[in-house]
Protein chains: 2
Amino acid sequence: MLSFCGQDRILIDANGRFKMPQHFITDFLSGGNGEVVFYCLPEGALAIYPEQVYAEMRKRCNEDIRQAGMSMLKRRDLRRFGAWSASAAITPQGRLTLPNEFRQNTLLEPGTDAVIVGVEIGVEIWNWNRWQQELKLINEHELDRGDLELARDLKFEQ
Amino acid sequence: MLSFCGQDRILIDANGRFKMPQHFITDFLSGGNGEVVFYCLPEGALAIYPEQVYAEMRKRCNEDIRQAGMSMLKRRDLRRFGAWSASAAITPQGRLTLPNEFRQNTLLEPGTDAVIVGVEIGVEIWNWNRWQQELKLINEHELDRGDLELARDLKFEQ
DNA sequence: TTGCATTTTGGAATAAAATGGATTATATTG
DNA sequence: CAATATAATCCATTTTATTCCAAAATGCAA
């Protein structure tokens, strides 16, 4: 069975919480205990991954710690991921609270409509308007790629 | 569960103290007894690491000691870390006092707003304005990287 | 050395916010 | 159309943060 796919409209309640749609809960629970990681994306949406997925993404070793003392670049890297991530767990009622400091950047303030989107390895929460724009961008990019393929197909030497 | 992640606004009180957010206290306590090391970063923020992390960062071998006699560079290095670090412990009420000598460099004077940021291996305290600048840098860099990727995907010759 | 004043530290109380549960409403399925 | 499952709202409880006050420690001067 497919994991983490589809889109659902959700409502952020007055306390900044939302109800995770049932099929996504199932996805988070299979291969995990409901522990998740929020990650605030540069494109202005909030990603939610199962903890194991994020851990794989951010695998770290003692070498990283040693480098942090000497390298500003390394510190920036730790800072970026540290600042824009947070862990949480899906409650028995299937709810999650959006981290306070991430609400502004993602335009996910209490009392607003949003979209939750499956992204195969996890989900993303989008402000409704931003999601419409993103959809348009995705579509345009794909059309460009299509044109490119066509052009390549007509080129003499592949 | 993730350690040392997320951002929180904090207030430096009239005596230069602040309340460590609960989730960070938990992080410092797990794998440690709440002993921390302040380290004043060249980028103008104050890092706070669990003692063990700092120890790992500054691990010295006999080779270093021998070099100290011969190398001015090496001595500078030792001097920098020595001068700009200090140890402390989180109080039972979860408070920490900012070292007096570090307040000017970090723009963390009593009575100011600040941000505490998780950086995966510890936390950093930032003056509010400086943090906004740093965030802008981080974000712009990420968006540039995104544009570059996109352009590459649409380039004729792969 | 003693007494006073100032600064620093610790604790308690109050206020705010976040959490969890339960009930009501809505939607979906048979 | 009824029953079940799911979602949303409301309210109570707990947790967390902030402010204020008291005690202790420190420094200074007489």
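## Chain A in outline

A residue counts as buried if 20 or more other C-beta atoms lie within 10 Å of its own, as exposed if 12 or fewer do, and as partly exposed in between, with C-beta atoms placed from the backbone. By this rule, 29% of the 158 residues of chain A are buried. The model is predicted, and local features need pLDDT of at least 70, side-chain atom pairs count only at pLDDT 80 or more, and totals for chains, interfaces and linings use all residues. Residues are numbered from 1 along each chain as its sequence is written, while chains are lettered from A and ligands numbered from 1 in the order in which they are written.

Chain A has six helices and eight strands; helices (H or I, at least four residues) and strands (E, at least two) are DSSP runs, numbered from the N terminus. Their order from the N terminus is β-β-α-β-β-α-α-α-β-β-α-β-β-α. Along the principal axes, the C-alpha atoms of chain A fill a box of roughly 60 × 45 × 35 Å.

## Helix 1 of chain A

Which residues of helix 1 (residues 22-29) of chain A are buried? They are A:F24, A:D27 and A:F28. An α-helix has 3.6 residues a turn, so residues three or four places apart point the same way.

The buried residues of helix 1 pack against strand 3 (35-40), strand 4 (46-50), strand 7 (113-118) and strand 8 (123-127) of chain A. On the other side of the helix, A:Q22, A:T26 and A:L29 are exposed. Just after helix 1, A:G31 takes a positive phi of about 75°.

## The nonpolar core

A nonpolar core is a set of buried Ala, Val, Leu, Ile, Met, Phe, Trp, Tyr and Cys residues joined through C-beta atoms within 7 Å. The largest one has 68 residues, and A:L46, B:L46 and B:Y49 have the most contacts inside it. Two residues are in contact if their C-beta atoms, placed from the backbone, lie within 7 Å. Leaving aside neighbours within four places in sequence, A:L46 is in contact with residues including A:F38, A:L98, A:F102 and A:I125.

## Where the two chains meet

In the interface, 26 residues of chain B are in contact with 25 residues of chain A. Helix 6 of chain B gives the most to its side, with five residues. That side divides into 14 nonpolar, five polar and seven charged residues; Ala, Val, Leu, Ile, Met, Phe, Trp, Tyr, Cys and Pro count as nonpolar, Asp, Glu, Lys and Arg as charged, and the others, Gly among them, as polar.

Only 4% of the interface residues of chain B are also interface residues in chain A, so the copies meet through different surfaces.

## The DNA strands

A residue is near a strand if its C-beta atom, placed from the backbone, lies within 6 Å of it. The residues around DNA strand C include A:N15, A:T91, A:N100, B:N15 and B:Q93. This surface has two nonpolar, nine polar and no charged residues. Around DNA strand D lie, among others, A:D13, A:K19, B:D13 and B:K19, and the surface there has four nonpolar, three polar and four charged residues.

B:Q93 lies in the loop between strand 5 (85-89) and strand 6 (95-97) of chain B. Is B:Q93 buried or exposed? With 8 C-beta neighbours inside 10 Å, B:Q93 counts as exposed.
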